[in-house]
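Morning, everyone. Please bring up the model on your screens.

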Amino acid sequence: MTSNKICFIGAGNMSRSIISGLVTSGYPADCIEATNPSTPKLDALKADFAINTSSDNAAAAARADVIILSVKPQLMQQVCEALASLDLSHKLIITIAAGIPAARYQDYFGQAIQLIRVMPNTPMQLGAGMSGLYAPANISDEQKAIAEAIVKTGGDAVWVDDEDGLNLVIALAGSSPAYFFLFVEGMINAGISMGMEADKARTLAQQAALGAARMLIENPELTAEQLRQNVTSKGGTTHEAVETFKRGDLHGLTAKAMANCIARAQEMAKQF
Ligand SMILES: NC(=O)c1ccc[n+]([C@@H]2O[C@H](COP(=O)([O-])OP(=O)(O)OC[C@H]3O[C@@H](n4cnc5c(N)ncnc54)[C@H](OP(=O)(O)O)[C@@H]3O)[C@@H](O)[C@H]2O)c1
């Protein structure tokens, strides 16, 4: 990746995750700047990654080739409007905000812009993230490659062809770490109530989750269903547990949860 000057507007959790990935992968820290109204997060980023920091969004954005918008969706309009007087014609803008359609940013900035939407997830902070990217038709292959290289320092990434696909990315990857936490939480609680010590219940459940995820990743020729069948002998213990989940319609409930997640993303798109 060539060393474009990258500026993060907003120095919260997601910016920290992406910055960590960039610096760990060897991106020059002096080509990265982050802004925030208050200083503690900036001080921590400077101490941990030796990047540049500022509380002046416009000055930092003016210095950058790539501007990464990383504030909460409800603040996005005012943050973008405050940058509207800059000449953005040669800059690539990346937004990681959920819910705000790409076309809306054009209105916020009041000028033609080149913007890519990225939907990351929190495991990015460990280099195990999964992001979806969407680029409108005016974005060049070179600009797409820049955005992809940035997000891939924190994990894997897929492009979606139309913007609605980003809502599916949210349901499958952005929000889904919480689904797995919920499932593991239930396993741990059940294990404890059946007599296992809390720390051992957690170790057993989380290591099983990691092992299952690795088996999926390392056996791409096998479907999730085949992997499940391979460890489920008829009449055995796993079979008993799996049949219980099926009787409770786990798949139906999963589909309903994802549909509700997408519906919420669609509502948010109308809000901003
Ligand atoms: N967290 C996730 O899992 C996730 C996943 C996908 C996408 N996203 C998106 O990522 C974006 C950031 O989320 P986050 O979780 O990183 O939130 P966050 O931790 O709250 O970070 C947002 C940062 O923006 C700062 N900020 C507020 N006003 C600002 C301004 N005028 N100029 C510059 N910075 C300002 C905040 O500073 P103060 O705290 O000092 O006010 C805060 O440090 C959101 O749009 C969210 O939709 C998050």
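α4 gives the largest share of the shell around the ligand, three residues. Helices here are DSSP runs (H or I, at least four residues), numbered from the N terminus. Both α1 (13-24) and α4 (73-81) supply at least two shell residues each.

A word on the source. This is a predicted model: local features need pLDDT of at least 70, side-chain atom pairs count only at pLDDT 80 or more, and totals for chains, interfaces and linings use all residues. Residues are numbered from 1 along each chain as its sequence is written, and side-chain values use heavy atoms, with hydrogens and water left out.

Now, which residues come nearest to the ligand? Of the 23 around it, they are Met14, Asn36, Ser38, Lys41 and Val71. "Around" means a heavy atom within 4 Å. By type, the shell has 13 nonpolar residues, eight polar and two charged.

Next, polar contacts, meaning pairs of N or O atoms within 3.5 Å. Lys41 puts a polar side-chain atom 2.6 Å from a ligand oxygen. A polar backbone atom of Asn13 is 3.0 Å from an oxygen of the ligand. Asn57 uses a side-chain N or O atom, 2.9 Å from a ligand nitrogen.

Last, zoom out. An automatic or database assignment sets the domain bounds. We get domain 1 (6-162) and domain 2 (176-268). Their C-alpha centres lie 33 Å apart.

How values were computed
Polar contact = N/O pair within 3.5 Å; in protein donor to acceptor, adjacent residues only side chain to side chain. Nonpolar A, V, L, I, M, F, W, Y, C, P; charged D, E, K, R; others polar.
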